[in-house]
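Subject: A structure for you to look at

Hi there,

Here is the structure I promised to pass on. Have a look at it first, and then read my notes below.

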Amino acid sequence: MAEYDYDLIVIGAGPGGYVGAIRAAQLGLKTACVEGRETLGGTCLNVGCIPSKALLHGSEKYDEVASGALARYGVKVSKVDFDLAALQADKADAVKGLTGGIEFLFKKNKVDWLKGYGTFKDAHTITVAGKDYTAKEVVIATGSSVTPLPGVEVDNDKGVIVDSTGALALAKVPQHLVVIGGGVIGLELGSVWRRLGAKVTVVEYLDALLPGMDMDVRKEAAKVFKKQGMDLKLGTKVTGASVKGKKATLTLEPAKGGAAETVEADCVLVAIGRRPNTEGLGLENIGLETNARGQIETGHDFRTKVDGVRAIGDVIPGPMLAHKAEDEGVAVAEYIATGVGIVNHDVIPGVVYTMPEMAGVGLTEEAAKERGEIKVGKFPMMANSRAKTNHEPEGFVKVIADAKTDKVLGVWCIASVAGTMIAQAAQAMEFGATSEDIAYTCHAHPTHSEAVKEAAMAVTGKPIHI
Ligand code: FAD
Ligand code: NAI
């Protein structure tokens with residue numbers, strides 16, 4: 001009889017866990033994945049990336065028609081009706097299709113889905129729904145949940161103060177949505193509801209939106225969202241909230257201190273970050289502690305300090321992004337099966353899926369300057385023929401290179417398709433490209449991506465179109 005039930009048990013079936021489980025099975029490991037949700041795919045497929053992108057896409061289509069922006073192409077619409085239930089149904093359809101797809105992939109790859117929430121009994125034994133399962137190796141991929149804001153209690157059922165999950169499922173368009181947190185979730189979901197007709201106020205503690213991104217992007221983002229009609233209250237904190245019936249009253253104060261004001265809203269979205277899911281996992285039973293931020297620390301091969309237990313995804317340090325979790329899923333399986341795995345944590349792109357999109361990879365200009373001498377090339381989308389023709393003049397591409405070696409250290413852009421454009425920058429950086437390499441790569445014309453080439457040319461001062 002085998003010593004263990006499985007070679008590998010993965011706890012959590014988000015982009016980290018499900019990808020890791022499938023890769024392990026492909027590599028010949030007998031694998032099970034524990035998941036307590038009714039559907040596979042984790043935060044990303046159920047209440048994150050996918051449903052938010054469905055609403056972003058649908059609301060963008062509505063906005064295009066309702067705002068009259070299509071009239072310049074001769075598309076004249078006299079009366080526009082909007083059916084939120086239909087948009088929500090389209091979103092549900094996308095989620096159902098993709099989560100069901102993971103279940104199919106589990107069956108195809110012979111990954112067992114252990115249904116329920118898992119707890120460590122010991123380092124090689126996981127209890128799920130009252131039954132013990134053993135494995136030689138265990139990977140923790142339990143993801144993250146919304147960080148609560150004391151004094152601003154979320155109640156998604158009531159729908160007045162909600163988190164991202166509640167804001168994805170609103171049954172009617174709010175009149176006034178106040179978003180607490182000018183980060184990725186606040187700006188994406190704020191954009192959805194603004195396009196559908198809500199007045200949107202964003203309250204951000206810091207003096208600029210989107211912490212973590214390059215300061216040029218952060219400053220430009222504020223201009224873009226203000227122009228779209230969002231009311232931005234930067235450098236402002238929420239000090240209290242009360243709910244009466246279907247209305248919330250928030251008390252705001254300047255972050256640095258000063259006179260308080262109150263704001264009324266029929267919907268408040270709390271989006272101040274996410275924290276790792278480790279509660280109830282039984283980490284105490286295996287002597288595994290979390291760091292001050294509640295994360296599980298690992299080495300490069302995702303080993304924790306407990307033998308046989310590794311961790312990946314949102315539950316470990318690093319950006320909380322689905323593609324980072326996925327790559328770690330592949331790598332952890334490869335480490336376990338072959339002893340070798342690869343994730344380049346210096347080259348993880350990030351994208352904010354607003355219109356225009358905002359994206360970056362590698363170091364910000366601020367961080368790059370701290371490390372040494374740099375050269376920077378910038379090219380405005382207004383000078384890109386395709387963006388100009390499409391009436392998408394906002395934004396720029398910025399390439400940051402090492403002053404001595406010309407190696408590209410970071411690329412940042414705001415453009416309608418910045419999320420797609422950043423892929424070539426990530427690939428170039430992965431291959432150790434110089435700005436000259438990008439500048440001398442032939443880019444198809446007319447494409448938005450030509451702006452990446454021109455920004456690279458601008459590093460040495462030679463763009464053609466400005
Ligand atoms: P998760 O996806 O959180 O999955 C963890 C799973 O583990 C969950 O299903 C949970 O039920 C399960 N679990 C937890 N504890 C246990 C247990 N004890 N036993 C069994 N199962 C357990 N990222 C992007 O890259 N692009 C985006 O566009 C994007 N959009 C987002 C939009 C929103 C609104 C949100 C909230 C997040 C978004 N993210 C996006 C972030 C992305 O969803 C996460 O980075 C990603 O899901 C992390 O993957 P993970 O596998 O680490 O964890
Ligand atoms: P975030 O970290 O992006 O933004 C939170 C914002 O709230 C920050 O700007 C922060 O300064 C601010 N803040 C914190 N406390 C505050 C307070 N008390 N009052 C006012 N502002 C406060 O976190 P967010 O938007 O909640 O997203 C969570 C995670 O989900 C992110 O790490 C992100 O990576 C991921 N995500 C990724 C997406 C994407 O890749 N497109 C989309 C949505 C989420």
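A salt bridge here is a side-chain nitrogen of Lys or Arg within 4 Å of a carboxyl oxygen of Asp or Glu. Lys378 forms one with Asp216, where the closest N and O atoms are 3.2 Å apart.

Some background: this is a predicted model, in which local features need pLDDT of at least 70, side-chain atom pairs count only at pLDDT 80 or more, and totals for chains, interfaces and linings use all residues. Residues are numbered from 1 along each chain as its sequence is written, and side-chain values use heavy atoms, with hydrogens and water left out.

The chain is divided into domain 1 (6-146 + 275-338), domain 2 (161-272) and domain 3 (350-458), with bounds from an automatic or database domain assignment.

Now for the interface of domain 2 and domain 3. Their C-alpha centres lie 29 Å apart. In contact (heavy atoms within 4.5 Å) are 18 residues of domain 2 and 20 residues of domain 3. Between these two domains the count is four salt bridges.

On the side of domain 2 that touches domain 3, helix H6 (184-195) and helix H7 (215-227) each supply at least two residues; helices are DSSP runs (H or I, at least four residues), numbered from the N terminus. H7 gives the most to that side, with eight residues.

Happy exploring!

Key: Chains lettered and ligands numbered in written order.
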